[in-house]
Amino acid sequence: AGDLDAALAWAEAVAALAPLSSEGHKLGLESPDDHDGYRRAFDAAWASADLVEGQAAFKQKRSPRFEGR
């Protein structure tokens, strides 16, 4: 059993993730048979400015600033 503080901490961690990746995960969980939709989401995430930002943040040892683009 969890508590409110744990739930809020989890929600904060999820909110910090790359939005396009989160959308793809959500699609995969909600519509596991939508392979075309999942592929489009995957391709969009891998062609995004957020991917470039994530890679730059990793190299610079800082937190990424994702914008969902």
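Predicted model: local features only at pLDDT ≥ 70, side-chain atom pairs only at ≥ 80, totals over all residues.
Q: What makes the chain more spread out than a compact globule?
A: Its secondary structure comes to 4 helices and 0 strands. From the N terminus on, the order is α-α-α-α. The globule rule gives 11 Å for 69 residues; the radius of gyration is 14 Å, well over that value, so the chain is more spread out than a compact globule. Along the principal axes, the C-alpha atoms fill a box of roughly 40 × 35 × 15 Å.

Q: What percentage of the residues is called buried, and how is that decided?
A: A residue is buried when its relative accessible area is under 20%. By that cut-off, 14% of the 69 residues count as buried. The chain exposes about 5,600 Å², with 59% supplied by carbon and sulfur atoms.

Q: How do you know what share of the contacts links residues 24 or more positions apart?
A: Take the contacts with a separation of 6 or more; residues 24 or more positions apart account for 32% of them. A contact here needs heavy atoms within 4.5 Å.

Q: Which helix has the highest mean pLDDT, and which the lowest?
A: Helix α4 (residues 49-59) has the highest, at 95. Helix α1 (residues 4-15) has the lowest, at 87. The chain averages 90, and 99% of the residues score at least 70.

Definitions and conventions. Residues numbered from 1 in each chain as written. Heavy atoms only, no water. Helix = DSSP H or I, 4+ residues; strand = E, 2+ residues; numbered from the N terminus. Rg over C-alpha atoms; globule rule 2.2 N^0.38 Å. Buried < 20%, exposed > 50% of the residue type's maximum accessible area, 1.4 Å probe, protein only. Areas by Shrake-Rupley, 256 points an atom, 1.4 Å probe, with all protein chains shown as cover. pLDDT = per-residue confidence, 0-100.
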